[in-house]
Amino acid sequence: MPCEVLRLPLHCLLLLSVIGLSQACLEDPASAYRFTGAVCRLTYPAAVVLNEKTTKVIEAAFQHARYPNLKGEKSLSFVGTIRYGLENLEVHNLSIGASEFELHPNEGISMEISNVSAVFRGTIQYGYGSWLVSVANSIDFEIQSQIDLGINPKLHCKEGKVAADTSDCYLRFDKLLLHLQGDKEPNWLKKLFTDFISFTVKMAIKGQICKEINKVANILADFIQDTAEHFLSDGDISMDIGVTAAPIITANYIESYHKGLTKYNNGSAVINDSVFHPKQLTENRMLYFWLSDQVFNPLIAAAHQDGRFQANFSGTEFTELFKTELSSDMPGFIRECLLDVASPELSVWSSSVPFLNTSTRGTSVWSKAAGTLQCGNQGKPTLYFEMNVVVDVTASYADKKLSLHGKSSEIYGLQAELPLQEKPLLDEAQLEFLRETVKKIGVPKVLSVLEIALTRLLDKQGVYLFDIFNPEVLPQDGFVVIEMDFGFPHHLLVEFLKKTLQ
């Protein structure tokens, strides 16, 4: 199971929430560092890319808003009392001009959405009268509007999640004209009435739009949270990705801190001595993930307990393995097994929990491996072996595929026996053949099986839908940094809008 490979205005949630759930946060980020297993840093260039799609979210807020029916009355000179009721207010012909934003260190984000053009349509019931005239009617109306929208989201921690407060929201109406039954040139009485109603409608639209934007932001946070939880879960293995502190905002990036605790069989890992510090990340790329060895090792342990580190090779796949040129002489029982018409089978698995350690030289994995070679249809295997293997591994991701590169740096504690023969142990020449086989054939084959399985799992979780450019995996002492540039994950926006507009 992968740990991660992989959101800014409203869209900061697209990435900040992509990693955020669980208990309460600490107020001081520096105090929270030692409980942090994963960090996400989203830099200003990434915010620019995400902001390009902000208009789609704003459009959803306008279109999804349910504008309340309005009723009221007002006394006017020479006219008498005006009574009115507005019903079935809907948005038509919506278009948005531009969106701009700024990051304000230790404060929040400011957004300016300009040239929002919309037509509001509905039905108005009105009446006005005096001793001179009395009118009562119910007609359709149309409101033409030109609006500039300002939002200043604040990011905070709420119930263990990154949340956005968009209550600092304002609308400026450059134009708002109400027309009754398409009357573009009303008489003075209608104009007096429509000007008054326009002011009332303006206040209603302003309150409802800001309310809807806050609602959409919360829907977006929940949607991204659900997506993140699904991405980091497979079968019985999942991860507590709750935030340990509120996000930090600087002029150049937004950074969020997460637990990264593996959950398996009703148990959860614990991190309380993380080595994270913000200086370990730079600002040159769009997106950074910082992942501690304390995230990887519990995840590896859960995968081991779940029986995921095992493989079987038989038929031509098995015989192809031994076409690799080796310097050691092949034992006779293996040569006979290769000629066995009953299709020999090789089974290998981790017999104890593997352990991972990352340094600037790369990532080393310690594992105790075991295996059996079954020749023919006997109940007992022809060969049983067990050994400790240390493998140095590096990882890369390109062309929608995860690649693992590694070599065995040490093989020790090899024990082997032939259960079908009276002689239980192999001689030194046969043991040397097994060591060379594991080093030159076994380790590369296991890594190729793992990278295929992990790529398939990443595809299942939807990573292939992201445009990831030049990702780099940089091992450091006790942690790894994944840095990349990316294109906007359009499929997430489409799915979110579908969910929002249902």
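Reply: Start with the labels. Helices (H or I, at least four residues) and strands (E, at least two) are DSSP runs, numbered from the N terminus. Residues are numbered from 1 along each chain as its sequence is written, and side-chain values use heavy atoms, with hydrogens and water left out. This is a predicted model: local features need pLDDT of at least 70, side-chain atom pairs count only at pLDDT 80 or more, and totals for chains, interfaces and linings use all residues.

Me: How many helices and strands does the protein chain have?

Reply: There are 10 helices and 23 strands. Strand E22, for example, covers residues 467-476 and contains Asn-470.

Me: What is the phi of Asn-470?

Reply: Phi of Asn-470 is near 50°, a positive value in a residue other than glycine. Asp-399 is another such case, with phi near 55°. Asp-399 sits in the loop between strand E20 (383-398) and strand E21 (401-417).

Me: Are Asn-470 and Asp-399 buried or exposed?

Reply: First the cut-offs. Buried means under 20% relative accessible area, exposed means over 50%, and partly exposed is in between (1.4 Å probe, protein chains only). Asn-470 has 61% relative accessibility, so Asn-470 counts as exposed. Asp-399 has a relative accessible area of 76%, so Asp-399 is exposed too.

Me: How much of the whole chain is buried?

Reply: Buried residues make up 52% of the 502 residues. For the surface, accessible areas come from the Shrake-Rupley method with a 1.4 Å probe; for residues, only the protein chains shown count as cover. The accessible surface of the protein chain comes to about 23,700 Å², and 50% of that belongs to carbon and sulfur atoms.

Me: How do I check the length of a helix such as H6?

Reply: Compare two spans. The expected span of a helix is 1.5 Å times one less than its number of residues. H6 has 13 residues (293-305), so the helix should span 18 Å; its end C-alpha atoms are 18 Å apart, which agrees.

Me: How many residues of H6 are buried?

Reply: In H6, 10 of the 13 residues are buried, so the helix is mostly covered. Among them are Val-295, Phe-296, Leu-299 and Ile-300. Here is the general idea for reading such a list. An α-helix has 3.6 residues a turn, so residues three or four places apart point the same way.

Me: What happens at the ends of H6?

Reply: Ser-292 caps the N-terminal end: a side-chain oxygen lies 2.9 Å from the backbone nitrogen of Gln-294. Just after H6, Gly-307 takes a positive phi of about 70°.

Me: How do I read a sheet?

Reply: Strands of a sheet pair through backbone hydrogen bonds, either parallel or antiparallel. Two strands pair if DSSP finds at least two bridges between them. Here, three strands form an open sheet in the order E10-E13-E14, with antiparallel pairing. The edge strands are E10 (237-240) and E14 (267-268), each pairing on one side only. Strand E13 (residues 261-264) joins E14 over two bridges, and Tyr-264 stands opposite Gly-267 in E14.

Me: Where does H6 lie relative to E10 and E13?

Reply: Two ideas first. Contact means heavy atoms within 4.5 Å. Axes are lines fitted to C-alpha atoms, for helices over the stretch in contact, and angles run from 0 to 180 degrees between N-to-C directions. H6 lies across E10 and E13, running at about 15° to E13.

Me: Why is strand E12 largely enclosed?

Reply: Six of the six residues of E12 (residues 253-258) are buried, so the strand is largely enclosed by the rest of the structure. Tyr-253, Glu-255 and Tyr-257 point one way, while Ile-254, Ser-256 and His-258 point the other. Strand E1 (residues 38-43) runs antiparallel to E12, joined by six bridges. Strand E11 (residues 243-249) also runs antiparallel to E12, with four bridges. E11 and E12 form a hairpin with three residues between them.

Me: Which side chain makes a polar contact with Ser-347?

Reply: A polar contact is a pair of N or O atoms within 3.5 Å; within protein, one must be able to donate a hydrogen and the other to accept it, and residues adjacent in sequence count only if both atoms are side-chain atoms. The side chain of Ser-347 makes one of 2.7 Å with that of Asn-312. Ser-347 lies in strand E17 (residues 345-350) and is buried, at 15% relative accessible area. E16 and E17 pair in the antiparallel sense over five bridges.
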